[in-house]
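Dear colleague,

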Amino acid sequence: WRLIAGFGRKGPLEVGFTFHRYGFPYLPGSSLKGLARTAAVVELWNAGSQAVELNDLDELLAEPDAQKYNDQFATLLPKASQTEIDLAAQIRAIFGTQDDAGLAVFLDAIPHSGQPVRLELDILNPHYPDYYREGKPPPTNWQNPIPVYFLTVAAGVRFWFGVGWRLPTLTAADEKLLEKAEKWLQFGLQELGAGGKTSSG
């Protein structure tokens, strides 16, 4: 389906869009890192047998202090299996914490060079503009919708994605972590979705 990146940014069309400085649409590497990290946290959450809030798990993994992390992990996941402990350590190594950069480097995703990039218009059509803009209750059917147009990348446009490694050498253990980072990015793109309006396709 269509792709829209940077939906919340300001722009000349009132609704933002992320263009590279050279004029083509792209997905920023920072967004892709966040998407892959979310996929990793979801995997850890699914692997656990204990009732834990996803946000609490996310905050725990971002804790920079090793001692605080260990203490909070024991409190939050007192019956954690070795698989969960190892998976959490891998997530921290790959993505880093609030103070330390992760080992994986997520590059900006750019359109495939062998095809033209097509842009299409999409539309938001708020049916109750008075209610949303001025808070005038109630949302009634006699209000006039005001269409808001925005640019999207057309369906079928292919992108290149790249995941690199921060260290100058790549050991066998590093290769496994890099494969995990790539797997999480693929899962995030396929199952969670990138850009705005993902619930619409």
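In helix α2, the buried residues are Leu-57, Leu-60, Leu-61 and Ala-62, where buried means under 20% relative accessible area, exposed means over 50%, and partly exposed is what lies in between (1.4 Å probe, protein chains only). The cover over these buried residues of α2 includes α1, α3 and α4, and the helices (H or I, at least four residues) and strands (E, at least two) named here are DSSP runs, numbered from the N terminus.

Before going further, please note that this is a predicted model, in which local features need pLDDT of at least 70 and side-chain atom pairs count only at pLDDT 80 or more, while totals for chains, interfaces and linings use all residues. Residues are numbered from 1 along each chain as its sequence is written, and side-chain values use heavy atoms, with hydrogens and water left out.

Val-41, which sits in helix α1, counts as buried because its relative accessibility is 5%. Leaving out residues up to four places away in sequence, Val-41 touches Leu-54, Leu-57, Asp-58, Leu-61 and Ile-91, a contact being heavy atoms within 4.5 Å. Between the C-alpha atoms of Val-41 and Leu-87, which are 46 residues apart along the chain, the separation is 9.3 Å.

Glu-84 belongs to helix α4 and, with a relative accessibility of 4%, also counts as buried. Apart from neighbours within four places in sequence, Glu-84 is in contact with Leu-44, Ala-47, Gly-48, Ser-49, Gln-50, Phe-73, Leu-77 and Lys-79. The C-alpha atoms of Glu-84 and Leu-107 are 23 residues apart along the chain and are separated by 28 Å.

Thr-75, in helix α3, counts as exposed, because its relative accessibility is 65%. Its C-alpha atom is separated by 50 Å from that of Pro-147, which is 72 residues away along the chain.

The largest nonpolar core holds 38 residues, of which Ile-91, Phe-95, Phe-106 and Trp-184 touch the most other members; such a core is a set of buried Ala, Val, Leu, Ile, Met, Phe, Trp, Tyr and Cys residues joined through side-chain atoms within 4.5 Å. At least two residues of this core come from each of α1 (29-47), α2 (54-62), α3 (66-76), α4 (82-95), β1 (104-106), β4 (148-153), β6 (163-165) and α6 (172-192), and α1 gives the most, with 6 residues. Trp-184 touches Ala-36, Ala-39, Ala-40, Glu-43, Leu-87, Ile-91, Ile-94 and Phe-95, again not counting residues up to four places away in sequence. In soluble globular proteins, nonpolar side chains tend to be buried together.

As for the whole protein chain, there are 6 helices and 6 strands, and along the sequence they follow the pattern α-α-α-α-β-β-β-α-β-β-β-α. The radius of gyration is 21 Å, well over the 17 Å that the globule rule gives for 201 residues, so the chain is more spread out than a compact globule; this radius is taken over C-alpha atoms, and the rule is 2.2 Å times the number of residues to the power 0.38. Along its principal axes the C-alpha trace spans about 60 × 50 × 25 Å. Of the 201 residues, 34% count as buried, and among contacts between residues at least 6 apart in sequence, 67% join residues at least 24 apart.

With best wishes
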